[in-house]
Amino acid sequence: MRPCIRIALEHSAELTRSNRLVDALALGEAALSEATDDERAEIRQWLTDHTRDFTGEDDS
C-alpha cells in the first residue's frame, strides 16, 4: 500500500479515538477510493491488524 494511504488510515484511527467519527470516516473513505485493486487486500489486512488503533484498546 502506498504511504499516503497508510498515513490517511493512521490519521483516521486517531480521529476515531478522538470521537471525530464523521471526519475519520470521510478520511478513510477518501483513502479507500484512491486505492488500486491490488492495494485493497493489503488495506483489509492492515485494518484487521490495527483494529486496536481505532478502538484505543490495549493488548493487556
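pLDDT is the predictor's confidence in each residue, from 0 to 100. Keep that scale in mind, everyone. This is a predicted model, where local features need pLDDT of at least 70, side-chain atom pairs count only at pLDDT 80 or more, and totals for chains, interfaces and linings use all residues. Residues are numbered from 1 along each chain as its sequence is written, and side-chain values use heavy atoms, with hydrogens and water left out.

Confidence to start. The chain has a mean pLDDT of 92. In it, 95% of the residues reach 70 or more. Helix 1 has the highest confidence, at 96. Helix 4, residues 51-55, has the lowest, at a mean of 89.

Now the overall picture. The chain has four helices and zero strands. Helices here are DSSP runs (H or I, at least four residues), strands are runs of E (at least two), and both are numbered from the N terminus. Along the sequence, the pattern reads α-α-α-α.

How big is the chain? Its C-alpha atoms fill a box of roughly 35 × 25 × 15 Å along the principal axes. A compact globule with 60 residues would have a radius of gyration near 10 Å, and the chain agrees with 11 Å. That radius is taken over C-alpha atoms, and the globule rule is 2.2 Å times the number of residues to the power 0.38.

On to burial. Buried means under 20% relative accessible area, exposed means over 50%, and partly exposed is in between (1.4 Å probe, protein chains only). Of the 60 residues, 23% count as buried.

Next, helix 1. Its 15 residues should span 21 Å at 1.5 Å a residue, and its end C-alpha atoms are 21 Å apart, which agrees. The expected span is 1.5 Å times one less than the number of residues. Which residues of helix 1 are buried? They are Ile-5, Ala-8, Leu-9, Ser-12, Ala-13, Leu-15 and Thr-16. They cover an arc of only 160 degrees around the axis, so they sit on the same side of helix 1. The arc is that of the directions from the helix axis to the C-beta atoms. These buried residues pack against helix 2, helix 3 (37-49) and helix 4. Just after helix 1, Asn-19 takes a positive phi of about 60 degrees.

Ser-12 counts as buried because its relative accessibility is 5%. Leaving aside neighbours within four places in sequence, Ser-12 is in contact with Ala-24, Leu-27, Gly-28 and Phe-54. Contact means heavy atoms within 4.5 Å. Thr-16 also counts as buried, at 19% relative accessibility. Not counting residues up to four places away in sequence, Thr-16 touches Leu-21, Ala-24 and Phe-54.

Now helix 2, residues 21-34. Its 14 residues should span 20 Å at 1.5 Å a residue, and its end C-alpha atoms are 20 Å apart, which agrees. Ala-24, Gly-28 and Ala-31 are buried in helix 2. They cover an arc of only 60 degrees around the axis, which puts them on the same side of helix 2. What covers them includes helix 1 (3-17). And the other side of helix 2? There, Val-22, Leu-25, Glu-29, Ser-33 and Glu-34 are exposed.

Last, contacts across the chain. Take those between residues at least 6 apart in sequence: 57% join residues at least 24 apart.
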